[in-house]
Amino acid sequence: MEPIIHLKDVSMVYGCNGTRTTALGGISFDILPGEFVVITGESGSGKSTLLTILGGLQVPTGGAVRIGVADLSALPADGLADFRRETIGFVFQAYHLLPYLTARENVMVPMSLERVSPREKVERADALLASVGLAGKEDRLPSQLSGGESQRVAIARALVHDPPVLMADEPTGNLDSATGEQILDLFSEWNGRGKTVLMVTHNKANLSRATRFIRLRDGQVEEDRMLQSPPAEPVAV
Amino acid sequence: MNIRKLAWKNLLRRKSRAVFTGLGIFLGIATFVAISSITSQMEGAVQDQLDRFGANIVVSPRAEQVSLGFGNIALGGTEVAHSRLTMEDKGRIASIHHKDRIRSVVPFLMTAVDVSGKNLVWMGLPGTDVAGARPWWKIQGRAELQPGEVLLGAEAAALLGKGPGRTVTVGSRSYRVAGVLQPTGEKEDGMVVADIADVQALAKKPGAVTYFEVAALCKDCPVEDIVAQIRQALPGARVSAIRQVVESRKAAVDQLRRLGLGVSAIVLLIGGLMVLVTVMGGVQERTREIGVLRAVGFRKRSIFSLLFWETGWVSLFSSLLGAGTGIAVAYLASPVFGIEHPSVVFSPAIFGAVAGLSLGLIGAIPPARRAASLSPTEAIRTL
């Protein structure tokens, strides 16, 4: 099977005032479609940097990154934006909902650039909110939602374009364990539909849902282990 | 949800910032519209007043100064007119190309006549034109003259011992005194003013005219053109513009306009800078939000567009509000500036609204470009 994500000698070096910090020191691995990969590591191990590179939010200083057929190193800024919109769903630890928009409107934000009728946008947003268990809360502002509900809205927003890859940075970091489990259930459900999930986390409890485990240390892959088989019918890019 | 709605929602959330952003434009446009409206109306008022002040072109027969002498003894000189003016020339003056710029053509005939044993200068002009030709005269009695009636200058009235309602006699003919001028300090004080037909009859010069006073409407006055056209119509006449009056009209109006434009430009510049500073500050504050938008696939152009729409909404509303306020202020303040009949002048308001919107959008360009060029990495570091 062709990998959906291919990394070869990817390095990331930050430089500031003559000081150079190596966040990633030339790592390589492939991820197959439908895998649920949990990436862990200590603070400063480079896991968040890796996630932003995989998500097309920044370009590595060295190496090659290919997701599907897209060579991220070669894409211009607008090409990366299109790539993020069409291929990647992002979920952040702090949700990062726009506070002045309702749950429905937050889910509709990525659709702002689409030439789709407002009615269709609303229907899609409401359907996604219902799928993450927020039916009836579409008109609530983020300030009127609990942490778990806010993260569900963020997940719905990430899934709005039905991306083949979902990336999450500590998605349960701000939630209690019960709510965190519910969020992980959503990721598992999504993964169960053949989508690829990459999740950065400190929490080893999250490993129970993963099919693969990658541990980073000082910008290198310290451990890369298969935990279980991915779903039968993975979705490619 | 689209970019316009996203921009609108963000404005509603940050009302105080939006108000502050729009405040500069609002003040600038309100000031511009108010000053422009007032100066425009003052222009008209000054124009009316100056036009009412009287004539600005004098048409007289061309004359030549002839020196008289005998040997080395100078005997003074005299003016020899090449031609004479007549009442028919009024029609010629009134039919020049720029005839629409001519408010009035008033013929005058001057002659010296013995009145009740006193030799006085008579000034003849159409009886109905007295008020228009000499608006500054203050008359005790009636200003409009009928045939057979006269106005007496203050000194002439004192000399003759006559007042309104009395009669003065010239030869066998009597003239009723319709009014007496209050002292003007000019030659009119010693004159008798009568209908031109009566003066022509007294001078035994039917149809004769000593000079014409022409009042041209002088907004952007092409007075040189009017003078040239009258010269062409009356080749034997000397046509001279009272340039000082014309120039002072232009200068007064231009000064007002320059003052208005100067003040408005300064206020608008400050307004533009306020937009730039507040929107730039907003971009700094919203780095995280911009990062989220970039993460979900907003292109640079979309971020630029979002900032543009936000500033566009603010600029549009503050410009319209400023234009409306400017009109209202100008209307209410008109009496303070001596405008007797205030009116609503829409052209500065339309220009102001468009200028305010443009200024706001121009002011938004640097911060919008900064927001658009913000790399997702830079923004995402704050996430």
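Visitor: What share of the residues of chain A count as buried?
Guide: Chain A has 237 residues, and 49% of them count as buried. Please keep in mind that this is a predicted model.

Visitor: Noted. How many helices and strands does chain A have?
Guide: Chain A contains 6 helices and 10 strands. Among its contacts with a separation of 6 or more, 70% come from residues 24 or more positions apart.

Visitor: On to the sheets. What is the strand order in the open sheet of 6 strands?
Guide: The order is β6-β7-β8-β3-β9-β10 in chain A, and the pairing is mixed. At the edges stand β6 and β10 (220-226) of chain A, each of which pairs on one side only. From one strand to the next, the twist averages 15 degrees.

Visitor: And how does β7(A) run relative to β8, parallel or antiparallel?
Guide: β7(A) and strand β8 (residues 196-200) of chain A run parallel and are joined by 5 bridges. One bridge pairs A:Leu166 with A:Val197 in β8(A).

Visitor: Which strands does α6(A) touch when it packs on that sheet?
Guide: α6(A) touches β3 (36-41), β7 and β8 of chain A, and its direction makes about 150 degrees with that of β8(A).

Visitor: What about the open sheet of 4 strands? Which order does it have?
Guide: Its order is β2-β1-β4-β5 in chain A, with antiparallel pairing. β2 (19-31) and β5 (70-71) of chain A each have a single partner strand, so one side of each is left without a neighbour in the sheet.

Visitor: How many bridges hold the pair β1 and β4 of chain A?
Guide: Strand β1 (residues 5-16) and strand β4 (residues 62-67) of chain A pair over 5 bridges in the antiparallel sense. Within this sheet, A:Ser11 stands opposite A:Gly62 in β4(A). Helix α1 (residues 47-54) of chain A packs on the sheet and touches β1, β2 and β4 of chain A, with its direction at about 120 degrees to that of β1(A).

Visitor: Back to α6(A). At what angle does it pack with α5(A)?
Guide: Helix α5 (residues 147-158) and helix α6 (residues 177-192) of chain A pack at an angle of about 15 degrees, and their axes are 10 Å apart. Angles under 35 degrees count as roughly parallel, and α5(A) and α6(A) are therefore roughly parallel to each other. The crossing of α5(A) and α6(A) is right-handed.

Visitor: Which residues meet there between α5(A) and α6(A)?
Guide: From α5(A) there are A:Gly147, A:Gly148, A:Gln151 and A:Ile155, which meet A:Thr179, A:Gln182, A:Ile183 and A:Leu186 in α6(A). By class, the residues of this contact are 3 nonpolar, 5 polar and no charged.

Visitor: How many residues of chain A are in contact with chain B?
Guide: 25 residues of chain A are in contact with 23 residues of chain B. On the chain A side, α2 (77-87) and α3 (103-108) each supply at least two residues. The largest share, 6 residues, comes from α2(A). The side of chain A that touches chain B has 14 nonpolar, 4 polar and 7 charged residues.

Visitor: One last topic, backbone torsions. What is the phi of A:His96?
Guide: A:His96 has a positive phi of about 55 degrees, although it is not a glycine. Most residues other than glycine have a negative phi. A:His96 lies in the loop between β6 (88-91) and α3 of chain A. A:His96 counts as buried because it has 24 C-beta neighbours inside 10 Å.

Visitor: And A:Asp162: buried or exposed?
Guide: A:Asp162 counts as exposed, with 12 C-beta neighbours inside 10 Å. A:Asp162 has a positive phi of about 50 degrees, although it is not a glycine. A:Asp162 lies in the loop between α5 and β7 (165-169) of chain A.

Key:
Residues numbered from 1 in each chain as written. Chains lettered and ligands numbered in written order. Predicted model: local features only at pLDDT ≥ 70, side-chain atom pairs only at ≥ 80, totals over all residues. Axes fitted to C-alpha atoms, helices over the stretch in contact; angles between N-to-C directions. Parallel < 35°, antiparallel > 145°, perpendicular 65-115°, else oblique. Left-handed = near helix turned anticlockwise from the far one by under 90°. Contact = placed C-beta atoms within 7 Å. Nonpolar A, V, L, I, M, F, W, Y, C, P; charged D, E, K, R; others polar. Buried ≥ 20, exposed ≤ 12 C-beta atoms within 10 Å, placed from the backbone. Pairing = 2+ DSSP bridges.
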